[in-house]
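Please look over the sequence and the structure shown here before reading on. The text then walks through the ligand site and the aromatic side chains.

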Amino acid sequence: MADLLVVGSVALDSVATPFGKVREVLGGSATYFSYSASFFTRARLVAAVGEDFPKEHTRLLESRGVDTSGLSVVRGRTFRWSGEYGYDLNDARTLDTQLNVFAEFRPTLASEARSVPYLFLANIDPALQLEVLRQMTRRPKLVALDTMNFWIQGKRDALVRVLGEVDVVTINDAEARQLADEANLIKAARAIAALGPRTVVVKRGEYGALLLANGGFFMVPAYPLESVYDPTGAGDTFAGGFMGYLASRDATDGATLRRAMIYGSVMASFTVEDFSLNRLVRLTPAEVSERYAEFEQLMRVEPVE
Ligand code: AMP
């Protein structure tokens, strides 16, 4: 089992879906990621929150063994995001992004954090992602990065620079098309790989996820769920399961990457069953194993006679 460090956002989210509405609940890319990863390995989180951030949220992460010593509480307000979804839950509409403490945040890694073997640069300003990478005293075995339309539009140059230095990118389908300026998803994945990352994971919501690794493709379906309440955090929870599993095996070979894709899908399938981290908070390791086994059945094909 190897250590996994994540830098990203810790947020208060306000979300509306056709099935309900929540205000200022716990969210953020690093939050979903680290909580999900904690089912597999030791996760450390680096982020900033404001003085208004409820302490019970930090305690919740700590209750899963997430190391929150890199969570700075600084003067000002916590990052806030609000978004809504229509009946097509694959399409998140951002209503408002208030960077607040993230506008001034400069991540500083503690000395032990500078040599972690697995690093995830979760969705955050790509300039900050690059700053974190620069602080590593040893090149991690695996660096992965996630991003979104907000940064693809607003900080493309910084994003392209950091993409040139990572091994894996996780991105959703609309954002992959936007980043590559290419409508065909297969071509878009190859174009993103040409920017630097040798492994590209495209998250496709209810259509599953696609992996491009070593020039070849692998696809997993999404778990066939009848009750999806809120897709917020699905991408980061996927990434937490994916990276958490790789770090737990301390391996990145093709077979391990494929299993990691399933664990990512398993974790994401739970997140969307409720708002915020509510379903993950009720989740047990036994349920994770059971759903993994269901995926094996879902994807099983007998060889032709
Ligand atoms: P996802 O897993 O893609 O659904 O990510 C959802 C999380 O991303 C939410 O909990 C938000 O707080 C967070 N988020 C939204 N916009 C941004 C942004 N511009 N930078 C960092 N985090 C964000």
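The model is predicted.

The shell around the ligand holds 18 residues, and Ser 9, Asp 13, Gly 28, Gly 233 and Asp 236 come nearest. By type, the shell divides into nine nonpolar, seven polar and two charged residues. Strand S2 (11-17), strand S6 (79-85), helix H4 (149-154) and helix H8 (234-249) each give at least two residues to it, with H8 supplying the largest share, three residues.

Polar side-chain atoms reach the ligand at several points. One belongs to Asp 13 and lies 2.5 Å from a ligand oxygen. Ser 9 places one 2.9 Å from a ligand nitrogen, and Trp 151 places one 3.4 Å from a ligand nitrogen. On its own the ligand has 510 Å² of accessible area, of which the protein covers 89%.

Across the whole structure there are eleven aromatic pairs. In one of them, the ring centres of Phe 40 and Tyr 263 are 5.2 Å apart with planes at 75°, so the pair is edge-to-face. The two residues are 223 apart in the chain: Phe 40 is in the loop between helix H1 (29-37) and strand S4 (43-50), and Tyr 263 is in helix H9 (residues 254-271). Phe 40 is buried at 14% relative accessibility, and Tyr 263 is buried at 17%.

Trp 151 is buried at 9%, while Phe 150 is partly exposed at 32%.

Notes
Residues numbered from 1 in each chain as written. Predicted model: local features only at pLDDT ≥ 70, side-chain atom pairs only at ≥ 80, totals over all residues. Heavy atoms only, no water. Near = heavy atom within 4 Å. Polar contact = N/O pair within 3.5 Å; in protein donor to acceptor, adjacent residues only side chain to side chain. Areas by Shrake-Rupley, 256 points an atom, 1.4 Å probe, with all protein chains shown as cover. Helix = DSSP H or I, 4+ residues; strand = E, 2+ residues; numbered from the N terminus. Nonpolar A, V, L, I, M, F, W, Y, C, P; charged D, E, K, R; others polar. Phe/Tyr/Trp six-rings, centres within 6.5 Å; stacked < 30°, edge-to-face > 60°. Buried < 20%, exposed > 50% of the residue type's maximum accessible area, 1.4 Å probe, protein only.
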